[in-house]
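Here are some notes for a colleague who is opening this structure for the first time. Please keep the sequence and the model side by side while reading the points below.

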Amino acid sequence: MMKKGIFYAVGVGVESMDLTLRAKQVLEQADVIVKPVKQIGASSVAYTIAEKSVNLKQTETIELVFPMQIQTDYYNRLQNGCLQPICDCLEAGKNVAMVTLGDVSIYSTATYVRQVLAEKGYETAVVAGISSFSAGAAKAECSLCENQESLIVLPVVTSKAEVEAVLEQFDTLVLMKAGKALPWLIPLLTEKKLLSHTTMFCNIGMEGEYIGIPSIQYASYFTTLIIKKRQTNGMQERRLVLE
């Protein structure tokens with residue numbers, strides 16, 4: 001009986017210089033690369049990052065469509081047979097690696113793919129990457145939490161009440177996909193005297209990268225805010241340079 005291939009979910013970070021040695025090794029040895037795309041034929045940001053560090057020109061690729069919709073139930077959607085091309089490769093003994101932005105364990109579509117394949121009996125593995133907010137914090141030289149400080153990550157900001165509630169409970173807030181909320185977030189942070197405690201970054205590692213004070217002008221889909229209630233002097237000095 002032919003040995004089945006292994007499925008690898010590979011986090012590639014947010015730019016090519018963030019690719020780990022483990023990720024590079026797995027991608028170099030993979031027989032097939034899965035590219036997550038918005039629609040067939042569209043470009044894949046994760047794949048573009050990977051191919052800057054790994055020669056993938058001769059590697060077979062499979063496009064897997066993930067419409068960028070917040071309410072999409074990806075787990076159930078993957079039950080409808082769209083993973084069959086990946087299953088066919090695994091059955092043929094090919095090792096398959098799916099590239100995903102940031103880290104696999106943080107709001108990654110590759111997580112759902114790995115779960116479904118594991119339930120089907122295939123061997124799977126996860127290769128950690130650098131999350132977008134970790135990469136942004138590093139570029140801004142801003143620590144996410146220190147000593148006994150608490151941290152919360154919100155994938156989508158939906159209401160003023162939600163932000164006010166977590167501000168009461170946590171020391172550091174990471175608000176992802178916050179671009180559309182900026183028209184009411186900025187006044188709220190100003191009211192709470194937290195605007196100077198907040199670093200915004202957009203499109204990290206991409207064209208139009210921005211790091212600095214929250215601004216609607218630079219907002220995009222990839223907009224994240226780090227709000228530190230207990231701002232350090234080092235953070236303030238760094239923000240002054242960025243601005």
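1. In helix α6, residues 132-139, the buried positions are Phe133, Ala135, Gly136 and Ala137, where buried means under 20% relative accessible area, exposed over 50%, and partly exposed in between, with a 1.4 Å probe and protein chains only. Helices (H or I, at least four residues) and strands (E, at least two) are DSSP runs numbered from the N terminus.

2. The model is a predicted one, in which local features need pLDDT of at least 70 and side-chain atom pairs count only at pLDDT 80 or more, while totals for chains, interfaces and linings use all residues. Residues are numbered from 1 along each chain as its sequence is written, and side-chain values use heavy atoms, with hydrogens and water left out.

3. The cover over the buried residues of α6 includes β6 (151-154), β7 (172-175), β8 (198-202) and β10 (223-228), and after the helix comes Glu141, which has a positive phi near 55 degrees.

4. Across the whole structure, 7 salt bridges are found, each being a side-chain nitrogen of Lys or Arg within 4 Å of a carboxyl oxygen of Asp or Glu. One of them joins Glu209 to Lys139, with the closest N and O atoms 2.8 Å apart; this pair links distant parts of the chain, since Glu209 lies in the loop between β8 and β9 (210-212) and Lys139 in helix α6, 70 residues apart.

5. Glu149 forms a salt bridge with Lys228, the closest N and O atoms lying 3.3 Å apart. Glu149 is buried at 16% relative accessibility, and Lys228 is buried at 1%.

Conventions: Contact means heavy atoms within 4.5 Å.
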